[in-house]
Amino acid sequence: MLQLRSLLQCRYSLCFNPRFSHVAVSASLLCSEGAISSVSDNISVVEQKSKPPVELTEPALIRLKKERDPEKLFELFKANAQNRLVVENKYAFEDTVSRLAGAGKYHYIEELLEQQKSLTQGRREGFIIRVMMLYGMAGMTKQALGTFYDMHLYGCKRTVKSLNAALKVLAQTRDLAAISSFIREVPVKYEIQLDIISVNIVIGALCGMDIIDKAYMVLLEMERLGVRADVVTYTTLISASYKNGQWVIANGLWNRMLWKGCHPNIFTFNARIQFLVSRSRAWDANDLLMLMECVGIRPDEVTYNLVIKGFCKADNLDMAKRVYSAFLGRGYKPNVRIYQTMVHYLCEVGEFNLAYTMCKDCMKKNWSLNVDTVGRLIEGLKNCGNPHKARQVLMLAERRHPPFPRIKLDAFRSILGTS
């Protein structure tokens, strides 16, 4: 632990000027016979400054939000194609495309987005990137790539940002050959240099399909070519290795990351803590939580929930309650996962009064605990001589929105002998 602490105090800089060979990365990809999945959520594709969303106060935006008929929604959005309050609000755009896709109206999506590309905003790369990502969200990969290839027709210059957006959409197809071809041909054709984000998209995709060995080969190849891996690169590989039970590789990657002067972030720590908890090493997970604070990384709700769950699984509920108290003492507010963990394990050991207090706090916020946990709490409160508290839990369950299944509510009532 002292060695890890000293390593974490090394000076770290993310400043670098990456130069990357697309041909080499393509060759690494072709070594795999697997397919590529969607990129991990924690990898950013487009690094651009986003404008604050326009508040949904204008009539057109309100009508779009309320409209449920796909046909009328399409006509309403089309009629407001040049209304900047509509088209510049990415949330309204995403919501419209999502609902049309859910209704299977892909031809409407294409008509709306193609109309947008022909307008003034189509000359901005950021807007074209949004169009590509909207096509990708709807599963319309061909149209997304066509938008990238046709950017010059709208007077919009391509950069690595739009290339990365197209690469992310393509990665969702899980077509290794198509991605290899894209990386091999497109940067040369348009004279665009791939960057670390491009590499992270590829590594994330490979890890998503559990092709971790090939992802590691990409890491080695990019470092050979002078591209420095960042914390996203290592976190993606470490997390995937732990999830696949390859803890020796994950630990080696962790040490390699520190040796290279790259500091772990909250996501890296959480991945390691999750692994320790899964191996019933709650005390080691707790040590790592304290180490985070020592190196200036503030643990989040996920961190605390993992450590609390680790002690609960180890039948050390007293320590779990101490961690929970420390969590509250540092100004955190419990989320539904922490409530669920605490209530479930408190019921396991028969501490129904404390479980009742936490359940009540949770359900008053209209958060949903596991239905079986609620049933066990009601039964436990009744059996330990607290039918009033049991009826309070039942009342909160009946008021919940969206409601619990009727069959479950009937089961709760039968426990208390009510109808």
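How many helices and how many strands does the protein chain have? Hi everyone: the protein chain has 24 helices and zero strands, counting DSSP runs of H or I with at least four residues as helices and E runs of at least two as strands, numbered from the N terminus.

A word on the ground rules. This is a predicted model, where local features need pLDDT of at least 70 and side-chain atom pairs count only at pLDDT 80 or more, while totals for chains, interfaces and linings use all residues. Residues are numbered from 1 along each chain as its sequence is written, and side-chain values use heavy atoms, leaving out hydrogens and water.

On confidence, the protein chain averages a pLDDT (the predictor's confidence in each residue, from 0 to 100) of 84, and 86% of the residues score at least 70. Helix H16, residues 266–278, is highest with a mean of 96, and helix H1, residues 2–8, is lowest at 44. Over residues 1–20 the pLDDT is below 50, yet beyond near neighbours in sequence this stretch has 39 contacts in the model, contact being heavy atoms within 4.5 Å.

Of the 419 residues of the protein chain, 48% count as buried, which is under 20% relative accessible area, with exposed over 50% and partly exposed in between (1.4 Å probe, protein chains only).

Let's look at helix H3, residues 59–66. Ala60, Leu61 and Leu64 are buried there. Seen down the axis of H3, they fall within an arc of 100°, so they line one face of the helix; the arc is taken from the directions from the helix axis to the C-beta atoms. Lys65 and Lys66, on the other side of H3, are exposed. Cover for the buried residues of H3 includes helices H4 (70–79), H5 (84–87) and H6 (90–102).
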